[in-house]
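Visitor: I should like to learn how to read this structure, feature by feature. May we begin with a single residue and then proceed to the larger elements?

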Amino acid sequence: MSYYRGMVCENVVINGDKGTPITAYTAKPAGAGPFPGVVLIHHLPGWSEFYIETTRRFAHRGYMAICHNLYERSGDGNPDDVAAKVRAEGGIPDAQMVGDTEAAVKWMRAQPELNGKVGLFGSCSGGRHAFIYACQKNDVDCCIDLWGGRVVMESDELNDKTPVAPIDMTAGLSCPLLGIFGNDDRAPSPEQVDRHEAELKKHGKSHEFYRYDGAGHGIFYWHRPLYRPEQAMDGWDKVFAFLEKYTGK
């Protein structure tokens, strides 16, 4: 495994869902490549500093990375304030997320340094969104869902923004899936993770699920009390091993 201390980081503008321009943060390792790519889908707290730093983390490990701002239509400014506004509005439509993420994948696939492989990564709502995307599109080579809640949804939870439960999209999953979960989490609960995995097995989908005792939601979030250092270190090892397996180095 090579590590890259030099990198180029910048904001770019991509044409998101329905052609709406949105901002994305990109980080590329120094050098000519070729490099595999990672598209990051940020969590419910928004296009936050944690996700900007995580984008650079992937570049440090030898991946080109892009993280697009799903909440840009709701304004700019402090990510916490924007995220609170989005939550008050009932979140963003799943279809809009798919359109925005497709734009980020297209940007990545247009980069001359790309080795031809692209992984998708998301946590919390971003994990749910990553799974939805991989079920609806076939332009990513693997998908990583970190503790994505609301994959299993009951009929009374569905609405115009989330019209279909992600678990009901499982038959369309187009690539291998990595799932990392805490056994103390309630969203998703261990029972919901069981249902998710059973549906993957039912449809013969390639997947690796890892569940951690002594951990709940947000295992990797070093800036919050949710952080679990030992589980996070092991989980990151699982993430990079999975990416190397399916996107190469």
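Visitor: Is Pro-36 buried or exposed?

Guide: A word on the source comes before the reply: this is a predicted model, in which local features need pLDDT of at least 70 and side-chain atom pairs count only at pLDDT 80 or more, while totals for chains, interfaces and linings use all residues. Residues are numbered from 1 along each chain as its sequence is written, and side-chain values use heavy atoms, with hydrogens and water left out. As to the term, buried means under 20% relative accessible area, exposed over 50%, and partly exposed in between, with a 1.4 Å probe and protein chains only. Pro-36 has a relative accessible area of 1%, and therefore counts as buried.

Visitor: In which strand is Pro-36 found, and which residues does Pro-36 touch?

Guide: Helices (H or I, at least four residues) and strands (E, at least two) are DSSP runs, numbered from the N terminus. Pro-36 belongs to strand β3, residues 35-41. Contact means heavy atoms within 4.5 Å. Not counting residues up to four places away in sequence, Pro-36 touches Gly-62, Tyr-63, Met-64, Leu-114, Asn-115, Lys-117, Thr-247, Gly-248 and Lys-249.

Visitor: How many helices and strands does the chain have, and in what order do the elements run?

Guide: There are six helices and eight strands. From the N terminus on, their order is β-β-β-α-β-α-α-β-α-β-β-α-β-α. The radius of gyration, taken over C-alpha atoms, is compared with a globule rule of 2.2 Å times the number of residues to the power 0.38. For this chain the radius is 17 Å, close to the 18 Å that the rule gives for 249 residues, so the chain is as compact as a globular protein of that length. Of the 249 residues, 55% count as buried. Among contacts with a separation of 6 or more, 72% come from residues 24 or more positions apart.

Visitor: How does one read the length of a helix, and what does helix α5 span?

Guide: The expected span is 1.5 Å times one less than the number of residues. Helix α5, residues 190-202, has 13 residues and should therefore span 18 Å; its end C-alpha atoms are 18 Å apart, which agrees.

Visitor: Which residues of α5 are buried, and what covers them?

Guide: An α-helix has 3.6 residues a turn, so residues three or four places apart point the same way. In α5 the buried residues are Pro-190, Val-193, His-196, Glu-197, Glu-199 and Leu-200. Their cover includes α4 (125-136), β6 (142-146), β7 (177-182) and β8 (207-212). Following α5 is Gly-204, with a positive phi near 65°.

Visitor: Where does helix α1 lie in the chain, and against which elements do its buried residues pack?

Guide: Helix α1 comprises residues 49-60; its twelve residues reach 16 Å from the first C-alpha to the last, close to the 16 Å expected at 1.5 Å a residue. Phe-50, Tyr-51, Ile-52, Thr-54, Thr-55, Phe-58 and Ala-59 are the buried residues of α1. They pack against β1 (7-15), β2, β3, β4 (64-68), β5 (114-123) and α6 (229-247). Just after α1, Gly-62 takes a positive phi of about 100°.

Visitor: At what angle do α3 and α4 pack?

Guide: Axes are lines fitted to C-alpha atoms, for helices over the stretch in contact, and angles run from 0 to 180 degrees between N-to-C directions. Under 35 degrees counts as roughly parallel, over 145 as roughly antiparallel, 65 to 115 as roughly perpendicular and the rest as oblique. Helix α3 (residues 94-109) packs with α4 at about 75°, their axes being 10 Å apart. That makes α3 roughly perpendicular to α4. The residues in contact are Asp-94, Met-97, Val-98, Thr-101, Glu-102 and Val-105 of α3, with Arg-128, His-129, Ile-132, Tyr-133 and Gln-136 of α4.

Visitor: Which peptide bonds are cis?

Guide: A cis bond joins Gly-33 and Pro-34, with omega about 5°; Pro-34 is in the loop between β2 and β3. The bond from Ala-187 to Pro-188 is also cis, with omega near 15°.

Visitor: Where does Trp-147 lie, and what phi has Trp-147?

Guide: Trp-147 is in the loop between β6 and β7, and its phi is positive, about 45°, although Trp-147 is not a glycine. Trp-147 is buried, with a relative accessible area of 0%. Its contacts, leaving aside neighbours within four places in sequence, include Cys-124, Ile-180 and Pro-188.
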